[in-house]
Each structure stands twice: as C-alpha cells, then as structure tokens.
Amino acid sequence: HKWLSNTWFLDMCLGWKGICVEANPELAANLRKFRNCEVVAKCIHPTSKKIDFNPADEHGHVQDTEVITERQAARTEQRGSITVPCTTLTAVLAKYNV
C-alpha cells in the first residue's frame with residue numbers, strides 16, 4: 001500500500017534502489033509484483049532459522065517474543081500463525097553487496 005510506505009515513494013517516485021524485507025509471504029509477493037526494489041521474503045533475526053509469524057496484513061508480527069500485546073494476541077487468535085524463514089541482517093547485506 002503506497003499510502004503506508006515511505007519506501008514506496010523512494011522506490012517508485014525517486015527511483016532509488018533498495019532492499020525490502022517482508023516476512024509475510026503475501027505482502028512479499030505484492031512487493032515483487034508492484035515494486036522495483038529487491039525483495040527478501042524472510043524475517044530478520046539474530047540467527048537463520050524458522051519462526052512463527054502472525055500474518056495480520058501490514059500489522060504482522062513475529063511470535064518469537066516474550067512481550068506480546070493484547071492486540072497482537074487477539075490478532076494471532078483470529079488469524080493464526082505461519083512458519084516463516086529468517087535470515088540475519090549481515091547475510092542480507094552481504095548478498096546484495098551492501
């Protein structure tokens with residue numbers, strides 16, 4: 001959604017090149033379809049592993065936390081969670097020579 005994204009403006013209006021990291025597979029697919037940026041369809045985590053993720057549209061969140069708000073808990077109960085791959089920020093930056 002371009003109205004929710006500062007990077008959309010940089011990518012589409014200013015022609016900047018960048019990397020978008022999106023753990024939600026549906027949103028990552030939309031990024032690939034409608035954007036010019038490199039898309040990493042994973043979450044960023046200190047270790048490369050798989051992790052539970054609540055794909056609550058643009059409000060998705062990782063379940064691998066000790067602190068979860070009531071609102072996040074309600075979304076998880078409503079939408080369920082999926083397992084997504086994670087990678088480290090160092091690995092992403094190295095892949096794109098940043």
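The structure is a predicted model, in which local features need pLDDT of at least 70 and side-chain atom pairs count only at pLDDT 80 or more, while totals for chains, interfaces and linings use all residues. Residues are numbered from 1 along each chain as its sequence is written, and side-chain values use heavy atoms, with hydrogens and water left out.

The phi angle of N97 is near 55°, which is a positive value in a residue other than glycine. N97 is exposed because its relative accessible area is 73%, given that exposed means over 50%, buried under 20% and partly exposed in between (1.4 Å probe, protein chains only).

**The chain as a whole**

The protein chain has 4 helices and 6 strands, and read along the sequence they follow the pattern α-β-α-β-β-β-β-α-β-α. Of the 98 residues in the protein chain, 28% are buried. The accessible surface comes to about 6900 Å², and 53% of that surface belongs to carbon and sulfur atoms; areas of this kind come from the Shrake-Rupley method with a 1.4 Å probe, and for residues only the protein chains shown count as cover. Among the contacts (heavy atoms within 4.5 Å) in the protein chain with a separation of 6 or more, 55% are between residues 24 or more positions apart.

**Nonpolar groups inside and outside**

In soluble globular proteins, nonpolar side chains tend to be buried together. A nonpolar core is a set of buried Ala, Val, Leu, Ile, Met, Phe, Trp, Tyr and Cys residues joined through side-chain atoms within 4.5 Å. The largest such core in this model has 6 residues, namely A23, C43, I51, F53, V84 and C86. Two or more residues of this core come from each of β4 (50-54) and β6 (82-87). There is also a second, separate core of 5 residues, which includes A28, L31, C37 and V39.

At least two residues of the nonpolar patch are supplied by β1 and at least two by α4 (89-95).

**A salt bridge and its surroundings**

A search of the whole structure finds 1 salt bridge, the term meaning a side-chain nitrogen of Lys or Arg within 4 Å of a carboxyl oxygen of Asp or Glu. This salt bridge joins D11 and R35, whose closest N and O atoms are 2.8 Å apart. The pair links distant parts of the chain, since D11 is in helix α1 (residues 6-13) and R35 is in the loop between α2 and β2 (38-40), 24 residues apart. The side chain of D11 also reaches the backbone nitrogen of C37 at 3.4 Å. When neighbours within four places in sequence are left aside, D11 is in contact with W16, R35, N36 and C37.

I51 lies in strand β4, and the C-alpha atoms of I51 and P85 are 6.4 Å apart in space although the two residues are 34 apart in sequence. D52 is also found in strand β4, and D52 and V84, 32 residues apart in sequence, have C-alpha atoms 6.4 Å apart. The side chains of D52 and T83 are joined by a polar contact of 3.4 Å; such a contact is a pair of N or O atoms within 3.5 Å, and within protein one must be able to donate a hydrogen and the other to accept it, with residues adjacent in sequence counting only if both atoms are side-chain atoms.

N24 is placed in the loop between β1 (19-21) and α2 (25-34). A polar atom of the side chain of N24 lies 3.0 Å from the backbone nitrogen of E26.

The table gives the accessibility of some residues named above.

| Residue | Relative accessible area | Class |
|---|---|---|
| N24 | 3% | buried |
| I51 | 4% | buried |
| D11 | 5% | buried |
| R35 | 11% | buried |
| D52 | 38% | partly exposed |
| L89 | 47% | partly exposed |
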